[in-house]
Amino acid sequence: MNDSSWGAPPPQAGYWGPSDQGPVRGAAPAGPAYDAHYAQQTRPMPIVPGVPEHGGDQDDDQGTARLSGPLFRDEPPRDDAYRGENPSARPYAAVPQNPEPMPDAPQPAQPQPQPQPQKKTAGRDLGAAIGVGLGLAAVIVASLFVVKAAFVGVIVVAVVVGLWELTKRLQERKGIKAPLVPLAIGGAAMVVAGYVRGSEGAWVAMALTALAVLVWRMTEPPDGYLKDVTAGLFAAFYVPFLATFVAMMLMADDGAWRVLVFLILTVVSDTGAYAVGWRFGKTKLAPRISPGKTREGLLGAVAFAMVAGALCMQFLIDGGTWWQGLLLGLTVAVSATLGDLGESMIKRDLGIKDMGTLLPGHGGIMDRLDSLLPTAPVVWLLLVIFVGSG
């Protein structure tokens with residue numbers, strides 16, 4: 001049965017039941033007769049569950065009716081109440097009880113751990129470096145004071161290995177093929193000629209070595225000829241020719257002591273630069289070439305070398321005096337530093353750290369000859385000036 005079969009229009013919105021306050025617009029007249037008549041034919045309105053009657057339970061602080069029910073509950077409805085329905089039909093989306101933070105929500109700043117102070121290190125295996133250094137020193141001293149010719153053989157071996165390291169790195173890093181065979185043979189000849197015939201023999205051997213490099217390279221295609229022979233001439237001058245001055249020092253009657261003073265001053269200069277620079281170094285000496293070297297280290301090298309030079313000239317060289325040793329030590333510190341920077345420039349251009357790995361803790365032979373090679377002619381010349389050629 002629908003509402004139209006009841007014989008009267010349905011009550012309008014806003015009707016709250018029988019009332020004695022007069023007629024309502026759009027409704028039948030009110031009054032006792034109206035109530036009695038319609039009580040027989042009308043059905044009571046269904047009561048919405050959870051909605052209190054007008055004037056029921058009140059909020060203590062607002063004085064208004066508290067609304068409840070599915071649309072006004074404080075807690076969200078269960079998801080299973082809407083299971084199977086269109087999600088858009090839900091009155092509102094269910095809110096999780098413990099919502100996760102938004103991915104892009106700012107997170108509270110976490111305390112960062114404080115960096116631990118780093119202890120200065122030498123950058124190499126110091127134990128291996130000391131062991132190798134002591135072994136080389138023993139070989140050098142034994143060959144110097146037993147048979148001079150044996151020390152010439154030590155120089156030749158160092159020159160040949162140094163040439164091999166240099167030419168190999170040039171080919172690997174730059175594609176430059178400096179001919180090793182004529183360089184090795186000519187380099188050994190230069191050292192022997194310098195020991196036997198002095199400076200004249202060294203210059204002749206150098207000229208012949210340069211000619212051999214030019215001819216040897218002609219056996220290969222002409223591409224790259226100029227850069228290959230240029231690198232070969234540079235290698236011939238840089239390694240064997242400068243090493244020849246050590247053999248020329250050995251020619252004197254006190255040649256063994258002169259070579260020993262040369263080695264001592266160079267090693268002491270390097271040690272002073274390292275010790276002072278590692279402990280007190282702050283101002284960079286040449287950051288583009290060798291970032292590890294400092295001006296404080298250079299001052300340490302000068303101070304150590306001058307003290308060692310004064311002692312060596314006074315007690316080890318016949319006819320030498322302490323003030324000559326001061327000048328000799330100052331010059332050695334400068335030339336050794338320049339030689340170290342020169343090889344650092346080469347390695348930086350090649351993009352390598354060491355020339356080789358033959359000597360643990362030191363690198364290659366060339367990494368030990370870097371300060372010795374340019375210092376050799378300086379010491380030879382100053383000793384000749386101070387005490388003669390002997």
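Colleague: So rings of Phe, Tyr and Trp (the six-membered ring) pair if their centres lie within 6.5 Å, with planes under 30 degrees apart stacked, over 60 edge-to-face and the rest tilted; which residues do ring pairs link into a cluster here?

Modeller: The cluster that the ring pairs build is made up of W203, F237, F241, F245 and W380. Bear in mind that this is a predicted model, with local features needing pLDDT of at least 70 and side-chain atom pairs 80 or more, while totals for chains, interfaces and linings use all residues. Numbering runs from 1 along each chain as its sequence is written, and side-chain values use heavy atoms, without hydrogens or water.

Colleague: How many aromatic pairs are there in the whole structure?

Modeller: Searching the whole structure gives seven aromatic pairs.

Colleague: Is W257 buried, partly exposed or exposed?

Modeller: W257 is partly exposed, at a relative accessible area of 37%, and F145 is also partly exposed, at 37% (buried is under 20%, exposed over 50%, partly exposed in between, with a 1.4 Å probe and protein chains only).

Colleague: And why is the pair of F237 and F241 called stacked?

Modeller: The ring centres of F237 and F241 are 5.4 Å apart and the planes are at 25 degrees, which is why the pair counts as stacked. Both residues lie in helix α5 (residues 225-249), four residues apart, or about one turn of the helix. F237 is partly exposed with a relative accessible area of 40%, whereas F241 is buried, with a value of 3%.

Colleague: Switching to charges, how many salt bridges does the count come to?

Modeller: The count is eight salt bridges, a salt bridge being a side-chain nitrogen of Lys or Arg within 4 Å of a carboxyl oxygen of Asp or Glu. In one of them D228 is paired with R217, and the closest N and O atoms are 2.7 Å apart. That pair links distant parts of the chain, since D228 is in helix α5 and R217 in helix α4 (residues 180-217), eleven residues apart. D228 is buried at 2% relative accessibility, and R217 is buried with a relative accessible area of 3%.

Colleague: Which elements hold K293 and D340?

Modeller: The side chains of K293 and D340 form a salt bridge at 3.3 Å, N to O. This pair again links distant parts of the chain, with K293 in strand β2 (residues 290-294) and D340 in helix α8, 47 residues apart.

Colleague: What about E343 and K347, are they buried or exposed?

Modeller: Both E343 and K347 are buried, and their side chains meet in a salt bridge at 3.7 Å, N to O. They sit four residues apart in helix α8, about one turn of the helix. Elsewhere, salt bridges with shared partners join K168, R169 and E172 into one network.

Colleague: Last one: where does K353 lie?

Modeller: K353 is in the loop between α8 (322-350) and α9 (365-369), and K353 is exposed, with a relative accessible area of 57%. From K353 to G363 is ten residues in sequence and 8.6 Å in space, C-alpha to C-alpha.

Technical notes. Helices (H or I, at least four residues) and strands (E, at least two) are DSSP runs, numbered from the N terminus.
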